[in-house]
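Reader: Hello! Could you take one part of this model and walk me through it closely, with the cut-offs behind each term?

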Amino acid sequence: PEDGGVVAAPGSSSAGMGVGAVGAAVEAVAGVAAMQEEVGIRREGPEPDPDEPPKKRARLPEGESGKLEERLYSVLCCTVCLDLPKASVYQCTNGHLMCAGCFIHLLADSRLKEEQATCPNCRCEISKNLCCRNLAVEKAVSELPTECTFCLKQFPRSSLERHQKEECQDRVTQCKYKRIGCPWQGPFHELPAHESECSHPTKTGTELMGILGEMDQSHRRDMQLYNSIFSLLCYEKIGFTEVQFRPYRTDDFITRLYYETPRFTVLNQTWVLKARVNDSERNPNLSCKRTLSFQLILKSKVNSALECSFLLLKGPYDDVRIKPVIHHHSFCNDANETDYVPLPISDSVECNKLLAAKNINLRLFIFQVQK
């Protein structure tokens, strides 16, 4: 040729070598491309066709399902405590979720600070009238898996309580001879072996008398309360009424919340009840522990001392838990007020329920002691 290149004759060995090398190279490139395509599919997946109709969502591998649950936790968690709600779920008008405990706490704080309660996320107003429960979220949360604290296995939240109380073989249980002083506590699957070897059934009566004596003291305190109530029910003059505590503010520079009932008549006398939060602490909204105390005031004039016993119980339409405590006072014109006594509610959660309500509705019993 004119360019001076060397051209192998057809059928020569050099031509055969060239064709074979090209074929091998093409095969190698095709193999590498196939490997790259396969690796690409495994790592990144095929590029979606924009005109292709949407397919059903494929089930995630086991390693990625945990990530999905974590994402659901972040979506369904309470905006205040950032934990999954255990009971009722409330939402503001913009859809932000709050568990029942945080929702009641926000309403109680607003009552203490004399402010309008607002959603922590969007600052819209919240109240029992403006917010509603989100039943869909409640059901979704109940189906999310959670870990048993005893056996560490995963169960839906809706069945976890029954599992921990009745089914879990690692749940903490007590010996059936606890009533005669056996202090053993351990996993449920070890209970039969312990009870077969427990030494308390073989103890003598003398050894058991000390244990039974301590149990009798606790039982005696409970029976004393009930016997006192039964004795009061035998009095000639007994009166009761439904009382409604309404919130007010003091006239101080830094106003403080207190509650007072309208005047009411019991046993032909006029009375008023007052209540205060944390014994009029300056900033009760900054305290996690909250209490209510109350006093009974006689507004009528009396000719002689009026000795009474009284107690407060929950009203017929409230769900607050109050343990009855009997108080005594001798009312006269110079001592017409009792000291502030604690309202016997179980904990701060019950106190927040009362503070979050528009009014506090209770039932008062007064027993006049006959001289």
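Author: Serine 287 counts as buried because its relative accessible area is 18% (buried is under 20%, exposed over 50%, partly exposed in between, with a 1.4 Å probe and protein chains only). This is a predicted model, where local features need pLDDT of at least 70, side-chain atom pairs count only at pLDDT 80 or more, and totals for chains, interfaces and linings use all residues. Residues are numbered from 1 along each chain as its sequence is written, and side-chain values use heavy atoms, without hydrogens and water.

Serine 287 sits in the loop that links strand E11 (269-277) with strand E12 (292-298) (DSSP runs, numbered from the N terminus: strands of at least two residues, helices, H or I, of at least four). Leaving aside residues up to four places away in sequence, serine 287 touches Asn278 and Glu281 (heavy atoms within 4.5 Å).

For a contrast in cover, tyrosine 226 lies in helix H7 and is partly exposed because its relative accessibility is 45%.

Now to the sheet: three strands form an open sheet in the order E2-E1-E3, paired antiparallel (at least two DSSP bridges per pair). Strand E2 (97-99) and strand E3 (132-133) are at the edges with a single partner strand each, so one side of each has no neighbour in the sheet. Strand E1 (residues 89-91) is joined to E2 by three bridges, and the two run antiparallel; valine 89 has cysteine 99 in E2 as its bridge partner. Across E1 and E2 lies helix H3 (residues 100-113), at about 95° to E2 (axes are lines fitted to C-alpha atoms, for helices over the stretch in contact, with angles from 0 to 180 degrees between N-to-C directions).
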